Amino acid sequence: MDRVQLVLLGLPILLFCSDVVNLFAPQPALNPEHQQRPAPDAFQPDNPSAADASIQELRVDGPGSGTTVELKFCASCSYRGTAMTMKRMLETSFPGIHVVLENYPPPFPKHALSKVVPLLQVGAMATLMAGDQIFPRFGMVPPLWYYSLRANRFGTMPSIWLFGNFAQSFLQSSGAFEVYCNGQLVFSKLSEQRFPSEFELRELIGNRLPDSQFGENLEKVLS
């Protein structure tokens, strides 16, 4: 086995092992909350006025105070960029609003099948490499297709890895972009089959803010 064959064989195996590790590793939070803390020299314990000023700086007051918006989207569908854009737009339009980004998981059957795909990939590669020993243990004669794939194993193994990753990505996708305001669903991509526009989402959230003048101001602008 020359160096080229070793590279063709080792590269998909290395990438496959990396995918398996990433699959079962804990996922980082999509929207970590960074709490702003005053600097150590922001105020002195013996200076009550400085302490009161620091507390006032930490308070966030605005038309969006007390409102929580959840943007639940399909992380494997590359919707994160759209969710971040909507998050910045809402935070700019309604100061004080709390926007949370979360992954919207696929249905349980698809999620369960996505966990099985790496095992099938491992089994297919193991069968391809040692099928002449595996089949006899089950009292079977290696079929003709096995010898055909075995003869072209340096092309078959990358194909198994690529098709397995494609199937796993498809099973992990939900195609969702759901918007909740204080626990109530205000927009669903699964139902509408489209993304909300920035103006539409701003209007949907603004009309649900407590004691908000957004709806009245919008009518004045349109009239």
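Reply: Let's start with the helix pair: H4 and H5 cross in a left-handed way. Keep in mind that this is a predicted model. Helix H4 covers residues 108-137 and helix H5 covers residues 144-151, and their axes come within 10 Å of each other, crossing at roughly 145 degrees. On the H4 side, the contact is made by Thr127, Leu128, Met129, Ala130, Gly131, Asp132 and Phe135. H5 brings Trp145, Tyr146, Leu149 and Arg150 to that contact. Sorted by type, the residues where H4 meets H5 come out as seven nonpolar, two polar and two charged.

Now for the charged pairs. Side chains of opposite charge can pair when their charged atoms come close. With nitrogen and carboxyl oxygen required to be within 4 Å, the count here is three salt bridges.

Take Lys72 and Glu102, which form one of them, with 3.9 Å between the closest N and O atoms. Lys72 sits in strand E1 (residues 68-73) and Glu102 in strand E2 (residues 98-103), so this pair ties together parts that are 30 residues apart in sequence. As for how open the two ends are, Lys72 is partly exposed at 21% relative accessibility. Buried would mean under 20%.

Lys87 and Glu91 make another salt bridge, and here the closest N and O atoms are 2.6 Å apart. Both belong to helix H3 (residues 80-93), where they are four residues apart, which means about one helical turn separates them.

Arg194 has a relative accessibility of 35% and counts as partly exposed. Glu200 is also partly exposed, and its relative accessible area is 21%.

Definitions and conventions: Residues numbered from 1 in each chain as written. Predicted model: local features only at pLDDT ≥ 70, side-chain atom pairs only at ≥ 80, totals over all residues. Heavy atoms only, no water. Salt bridge = Lys/Arg side-chain N within 4 Å of Asp/Glu carboxyl O. Helix = DSSP H or I, 4+ residues; strand = E, 2+ residues; numbered from the N terminus. Buried < 20%, exposed > 50% of the residue type's maximum accessible area, 1.4 Å probe, protein only. Axes fitted to C-alpha atoms, helices over the stretch in contact; angles between N-to-C directions. Left-handed = near helix turned anticlockwise from the far one by under 90°. Contact = heavy atoms within 4.5 Å. Nonpolar A, V, L, I, M, F, W, Y, C, P; charged D, E, K, R; others polar.
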